[in-house]
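I open this notebook to record what I looked up, residue by residue and strand by strand. The entries follow the order in which I worked.

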Amino acid sequence: MFLKSKFPFRKELFGGIAYDSLSENYIYLNQSIFELLKLLDQHEVVLSAIESFPKKIQEAIKYAEEKGLVQLSTKQQFRKTEEPLSTDVLSAPTYLEIYPLFTCNELCSFCYVGYHIENAKGEKLTHEKIGDLAEIIHKNGIFNVTILGGEPFLYQSLDDLLIALKEKDLDVAISTNGTVFNTHYLDVIKEYKIKFNIALHSHQERTHNTITRHVNGFKRTIQTIQEAKKRGITPHITTVIHPTTIDTILDTVHFIHALEIPSMTLSYPTPSEYTRIHQSTVAINVYENIFRKAFNFGRELGIMIQGNCHYNFLFREYESGF
């Protein structure tokens, strides 16, 4: 049996951090624990040999075991690394958004990249650059990657991008409007355990389609949700608050619960110039009130509601670690 690090980790200015992709929690490491994990990551440490180690190393191993930072493996190489964790300071983020293209089949009035969408000229991440991009992300100690757009399901190399990122041991998510039906991409999402987010902005078909300016958007989004669930994929739903949905958001929460989806995000519409011009802004105090009502209602139904805005730190709901 071999002792190995359980989670991806990286060097930081005051020690390091490890990332548990299941709970989405960061674990802060002091210098000695970081060095221990690095040792276990780069060398084969047989369990029976630990007794011969210096006492301080044995104590560090015991502490790491108590914190769930290490695990036993029957394989000699649990996780291959090529010094991706060698950054000495905060030289890169832990989270990265990738926009492989800005082409979209919707024109959501609240879109914070709306002008990019309307003026898209077909630029996209070329297939040849996918491998290099995944390698750069990996070597800089980034843990989380989210694929956005545009509509990422319109990106013809999406499957290769997702696979390349997962093969670098990254925690990958994708956010789609759900209107582009592609069973192959869903199969890849299922096989590689990609976190899957779908945008649904109202339980009312007409309201959703008006906001997104897509005539058949609602029906296609529901179709993708249902197809994902058939494949054993549990989608996460994101609903952006809009002036026309302020009074009906609890009905939307109930609708999503009826679809047997366990979690959703209520997002504050970024007050960009595009959003303001299209009269899709909502005052922060209005959003705060809506979020709190939805949060409590969701708790009654058993659906987890989270907020998404620049002022999350002001919400008491987050004090419990939610």
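**Entry 1: around Ser280**

I began with the surroundings of Ser280 and, setting aside residues up to four places away in sequence, I found that Ser280 touches Ser109, Phe110, His242, Pro243, Pro269 and Thr275. I note here that I am reading a predicted model. Ser280 sits in the loop between helix H10 (273-277) and helix H11 (284-301), and I count Ser280 as buried because its relative accessibility is 0%, where the cut-off for buried is under 20%. Looking at its side chain, I found a polar contact of 3.2 Å with the side chain of His242.

I then turned to Glu106, which lies in the loop between S7 and helix H3 (114-118). Is Glu106 buried or exposed? With a relative accessibility of 5%, Glu106 counts as buried. Leaving out residues up to four places away in sequence, I listed the contacts of Glu106 as Ile117, Asn177, Thr179, His208, Thr212, His214 and Gly217. I also looked up the pair Glu106 and Arg213, which are 107 residues apart in sequence, while their C-alpha atoms are 6.0 Å apart in space.

Arg213 follows helix H7 and has a positive phi, near 55°. Within H7 (residues 205-212), I marked Thr207, His208, Asn209, Ile211 and Thr212 as buried, and the buried residues of H7 pack against S10 and helix H8 (217-230). As a reminder to myself, an α-helix has 3.6 residues a turn, so residues three or four places apart point the same way.

**Entry 2: strand S10 and its neighbours**

Strand S10 (residues 195-199) is mostly covered, with 4 of its 5 residues buried. On one pairing, strand S9 (residues 171-176) and S10 run parallel and are joined by 4 bridges; there I found Ser175 opposite Asn197 in S10. From S9 the chain passes through helix H6 (residues 183-191) to reach S10, and I recorded this β-α-β crossover as right-handed. In another pairing, S10 and strand S11 (residues 236-240) are parallel over 3 bridges, and Asn197 stands opposite His236 in S11.

What sheet does S10 belong to, and in which order do its strands lie? S10 is part of an open sheet of 7 strands, in the order S7-S8-S9-S10-S11-S12-S13, with parallel pairing. I found strand S7 (95-98) and strand S13 (304-308) at the edges, each pairing on one side only. From one strand to the next, the twist averages 25°. Helix H9 (residues 249-258) packs on this sheet, where it touches S11, strand S12 (263-267) and S13, and its direction makes about 165° with that of S11.

**Entry 3: the other sheet**

I went on to an open sheet of 3 strands, in the order S2-S3-S4, whose pairing is antiparallel. Strand S2 (9-12) and strand S4 (25-29) are at the edges with a single partner strand each, so one side of each has no neighbour in the sheet. Ignoring direction, I note that neighbouring strands here are turned by 25° against each other on average. Between S2 and strand S3 (residues 15-20), which run antiparallel, I recorded 4 bridges, and Arg10 stands opposite Ile17 in S3. Helix H1 (residues 31-42) lies across S2, S3 and S4, and runs at about 135° to S2.

**Entry 4: cysteines**

How many disulfides does the model hold? I counted 0 disulfides. For Cys108, the closest cysteine sulfur belongs to Cys111 and is 6.3 Å away, which is too far for a bond, because a disulfide needs the sulfur atoms within 2.5 Å. Cys309 is also in no disulfide, its nearest cysteine sulfur being that of Cys111, at 18 Å. I then checked accessibility: Cys108 is buried, with a relative accessible area of 12%, and Cys309 is buried with a relative accessible area of 12%.

Terms used
Residues are numbered from 1 along each chain as its sequence is written. This is a predicted model: local features need pLDDT of at least 70, side-chain atom pairs count only at pLDDT 80 or more; totals for chains, interfaces and linings use all residues. Side-chain values use heavy atoms; hydrogens and water are left out. Buried means under 20% relative accessible area, exposed over 50%, partly exposed in between (1.4 Å probe, protein chains only). Helices (H or I, at least four residues) and strands (E, at least two) are DSSP runs, numbered from the N terminus. Two strands pair if DSSP finds at least two bridges between them. A crossover is right-handed if, with the strands pointing away from the viewer, the path from the first strand over the helix to the second runs clockwise. Contact means heavy atoms within 4.5 Å. Axes are lines fitted to C-alpha atoms, for helices over the stretch in contact, and angles run from 0 to 180 degrees between N-to-C directions. A polar contact is a pair of N or O atoms within 3.5 Å; within protein, one must be able to donate a hydrogen and the other to accept it, and residues adjacent in sequence count only if both atoms are side-chain atoms.
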